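Good morning, everyone, and thank you for making the time.

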Amino acid sequence: MEGYIRPGCLVLSMYLSMPTIAWDELEENFLQRVNSLVQASDLDFWRKGRFLVRSDNQLVSYKDGMTRLSKSWRTWNTPELTLVTPIAVVGGRKTSLVLKGRNLTIPGTQIHCTSAGKYISKEVLCSAYPGTIYDDSGVETFDLPGEPSLTLGRCFIEVENRFRGNSFPVIFANKSICQELRNLEDELEDSRFPDVSPDDQVHDARRLKPRDQVLHFLNELGWLFQKAAACTPSTKSDVSHSELIQFSTARFRHLLLFSNERDWCSLTKTLLEILTKRSMVSDELSHETLEMLSEIHLLNRAVKRKSSHMVHLLVQFVVICPDNSKLYPFLPNYPGPGGLTPLHLAASIDDAEDIVDALTDDPQQIGLSCWHSVLDDEGLSPEVYATFRNNGSYNELVTRKLMDRKNSQVTIVLNKGEIHMDQPGNVGANNASGIQALEIRSCNQCAILESGLLRRPMRSRGLLARPYIHSMLAIAAVCVCVCVFMRALLRFNSGRSFKWERLDFGPT
């Protein structure tokens with residue numbers, strides 16, 4: 001639950017987050033439950049106040065002891081947001097948002113932004129044609145001020161006219177996460193005007209439409225970021241722990257699956273880091289978290305999609321435990337259904353050498369050592385899988401990496417040829433001229449060798465290249481011979497010798 005008081009202390013907006021089952025029960029007996037809230041409460045806040053309760057499809061108003069039910073809060077002149085761009089903003093930066101929807105320019109419509117316990121309001125300009133109230137494609141802008149302290153979280157952009165309207169979540173995060181989340185704008189843009197009337201839509205969380213799924217994800221991500229932002233060094237530990245514990249493991253599961261299926265590495269890493277902080281609260285939460293991760297098989301899903309970046313992220317992800325020990329939750333030899341490990345899945349996929357390379361490059365070298373030994377329920381190893389699928393190059397890659405580890409060497413493949421370099425930096429006889437005295441201590445040096453020193457130096461191809469020099473030397477030699485020949489004392493039949501000094505000019 002969150003509450004925001006608008007300027008003037010006239011309106012208190014409260015946002016409730018409840019399980020799907022609770023929302024379904026509320027929708028079934030909406031009016032009755034609101035009446036129970038008023039009658040069962042001992043506070044005058046509910047009895048003497050005036051309030052509206054709005055769900056996805058219904059609206060209940062209470063005033064002067066009377067409760068009224070509307071089948072839908074959407075009317076023919078109700079403002080409604082369908083899209084806000086960008087839907088993710090870099091925290092701390094000023095941004096101009098573009099609001100799209102219906103009836104955004106009718107008289108009396110206001111835009112509100114709720115962020116960090118504050119309200120920012122703007123009244124939109126009226127339509128140029130007051131007689132035309134219903135607008136099916138309205139566009140408005142809203143300037144979002146940057147809060148330097150708000151680097152992770154979310155805000156709500158609201159449109160409201162006579163207490164009718166809706167809201168849209170906007171996420172605050174770092175640049176990389178914002179770039180990933182903005183890919184959702186196309187999905188929202190394509191489905192912002194549903195064919196079915198909102199009055200006829202039935203809320204069923206088990207069969208959400210694509211647009212509802214995206215909005216549900218953004219709202220859940222916003223709630224999590226809101227709680228994670230409270231876990232700052234200046235915040236008391238008990239408060240931080242309570243904020244994260246309230247966000248259930250099932251909700252983490254939904255966010256991780258949604259992000260993993262779209263190959264959002266930055267967001268997935270951030271979610272895992274927040275989940276790790278939450279699991280450190282107690283051993284019970286740690287066990288619950290590991291059990292959830294083992295059920296959803298994020299690494300298997302990434303391998304099936306041939307997402308090398310996601311595979312590399314998961315394999316390299318490490319959790320530092322309170323006793324300073326390291327825990328790697330995504331192991332390449334962890335068995336899934338049928339005993340299939342990520343190694344088995346990669347071995348059976350075509351054109352997946354980069355996936356096999358990433359799986360056999362984990363920090364503990366488990367994938368490399370288990371390529372020939374880990375077996376599925378049928379007793380087959382990844383090596384056999386690769387052989388049956390005619391992926392012999394995978395076995396060659398693993399064999400080459402095993403030999404490199406055994407001989408303390410590095411193998412670089414260039415144009416289907418191999419150059420072996422042992423640890424002191426000695427190379428084969430055919431390639432010893434360029435790097436014989438260079439020690440190889442890191443992969444960066446190997447990359448430098450591959451890009452520069454191992455290649456034959458390129459000579460200039462300008463006017464002084466070797467073929468041109470040969471031609472010029474030949475012409476010069478001919479000229480010298482002619483000059484020597486003409487300079488010598490030659491005798492002709494006339495009996496008089498020819499000399500250059502005697503040569504005159506003018507007509508002959």
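Predicted model: local features only at pLDDT ≥ 70, side-chain atom pairs only at ≥ 80, totals over all residues.

**Around Phe 172**

Let me begin with Phe 172, which touches Val 89, Gly 91, Ser 115, Leu 144, Leu 150, Thr 151, Leu 152, Gly 153, Arg 154, Cys 155 and Phe 225, leaving aside residues up to four places away in sequence, where contact means heavy atoms within 4.5 Å. Residues are numbered from 1 along each chain as its sequence is written, and side-chain values use heavy atoms, with hydrogens and water left out.

Phe 172 belongs to strand 13, residues 164-173; helices (H or I, at least four residues) and strands (E, at least two) are DSSP runs, numbered from the N terminus. With a relative accessible area of 5%, Phe 172 is buried, a word used for values under 20%, with exposed for over 50% and partly exposed in between (1.4 Å probe, protein chains only). Gly 91, one of the residues it touches, is 81 residues away along the chain, yet the two C-alpha atoms are separated by 5.0 Å.

Is His 112 buried or exposed? His 112, in strand 9 (residues 110-115), has 2% relative accessibility and therefore counts as buried. Its side chain is joined to that of Gln 110 by a polar contact of 3.4 Å, that is, a pair of N or O atoms within 3.5 Å, where within protein one must be able to donate a hydrogen and the other to accept it, and residues adjacent in sequence count only if both atoms are side-chain atoms. Among the residues that His 112 touches are Arg 6, Tyr 119, Phe 156 and Glu 160.

Asn 333, by comparison, sits in the loop between strand 15 (326-327) and helix 13 (342-347), and at 22% relative accessibility it counts as partly exposed. It touches Thr 341, Ile 366, Cys 370 and Val 374, again without residues up to four places away in sequence.

Three strands form an open sheet in the order 6-8-11, with antiparallel pairing; two strands pair if DSSP finds at least two bridges between them. Strand 6 (80-85) and strand 11 (138-144) stand at the edges, each with a single partner strand, so one side of each is left without a neighbour in the sheet. Strand 8, residues 95-102, is joined to strand 11 by seven bridges, and Leu 99 stands opposite Glu 140 in strand 11.

The axes of helix 6 (residues 210-229) and helix 8 (residues 249-261) come within 10 Å and cross at roughly 120°; axes are lines fitted to C-alpha atoms, for helices over the stretch in contact, and angles run from 0 to 180 degrees between N-to-C directions. That makes helix 6 oblique to helix 8, since angles under 35 degrees count as roughly parallel, over 145 as roughly antiparallel, 65 to 115 as roughly perpendicular and the rest as oblique. Phe 217 and Trp 223 of helix 6 and Phe 252 and Phe 258 of helix 8 are among the residues that make the contact.

Helix 8 also meets helix 9 (residues 265-279), their axes coming within 9 Å and crossing at roughly 160°, which makes the pair roughly antiparallel. That contact includes Phe 252 and Leu 255 of helix 8, with Leu 271 and Leu 275 of helix 9.
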